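Could you walk me through this chain, a few questions at a time?

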Amino acid sequence: FIIDPLINDAENILISLSGEGEDYPSVYKMNVYSGEKEKVVDQREFILNWITDHDGEVRFGFGADEGGLIMITRAVGSTEWINLQVQDLFKDDSFFPINFSFNKNSLFVRSAVANGRFSIYDFDLDQGTLTEKLFEHPVVDVTGIELSPGKKKLLAVTYLEDKLQRQYFDPEYEKLMNSVDLALPMRNNYLEDMTLDGQYMLIRSDSDVFPGAYYRMDVANKKLDLIGEFNTRLNPEYLSPQRKLTYFARDGLEIPAYLT
């Protein structure tokens, strides 16, 4: 898996790879032109996923055993890994690390520890605790976050309620995505990536009756260029729209559902 494109390095990326004789993935720096690899972080028992900070340094890993979630972290420039203590916070599939925040010792995480509904929190690596709830929706799970590495800023959090929705933290980004939604109406328009200077964005767009496409957004000129579509043999005319409905369980509980 690619874990970091190393945006300041034109030749190398970081990948996680289970090499010969390894039970768990190590992290390698790989030259994209030659394919040559150099191991930068050795495998650790039970650790299946690695996360880099915004300087491209591998500083967090997580996996699981029968006892639940296992997480390790290390300070900037350190080679010593520290195990975060197992606590109720990390159990029952209710805690998922997403990415480093722009504070070098904290992560953005999805957690359902409060009420069973996933929200976005700031997680302090030194204390091993949730320190701030950034956003919680009153009805549905929060699904993800959108970041600007160039601005070093959280732009928005995302959730699905009939279609893709956002809670914005950046007014300029809100205006920009509103213009994308106007250009590509009745679709879910996802930010997949952006350049460091914010000049270009990669947008993935889909809907119930449109399999999807990638666009390159020229931010300054508000111009969308089609890169390519998915599953072009699927004619949208023959795809069924999805509609939201609710039904009642025998005990009277109202249950939301989607019908195609």
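Here are some questions and answers on the overall chain and two of its residues.

This is a predicted model, where local features need pLDDT of at least 70, side-chain atom pairs count only at pLDDT 80 or more, and totals for chains, interfaces and linings use all residues. Residues are numbered from 1 along each chain as its sequence is written, and side-chain values use heavy atoms, leaving out hydrogens and water.

User: How many helices and strands does the chain have?
Analyst: Happy to start there! Helices (H or I, at least four residues) and strands (E, at least two) are DSSP runs, numbered from the N terminus. The C-alpha atoms fill a box of roughly 55 × 55 × 40 Å along the principal axes. The secondary structure comes to 1 helix and 21 strands.

User: Why does E45 count as exposed?
Analyst: E45 sits in the loop between β4 (37–41) and β5 (47–52). Exposed means over 50% relative accessible area, buried under 20%, and partly exposed in between (1.4 Å probe, protein chains only). E45 counts as exposed because its relative accessibility is 57%.

User: And L48: which residues is it in contact with, leaving aside neighbours within four places in sequence?
Analyst: L48 belongs to strand β5 and, at 48% relative accessibility, counts as partly exposed. Contact means heavy atoms within 4.5 Å. Beyond those neighbours, L48 is in contact with Y24, P25, F62 and G63.

User: How far apart are the C-alpha atoms of L48 and Q242?
Analyst: Along the chain, L48 and Q242 are 194 residues apart.
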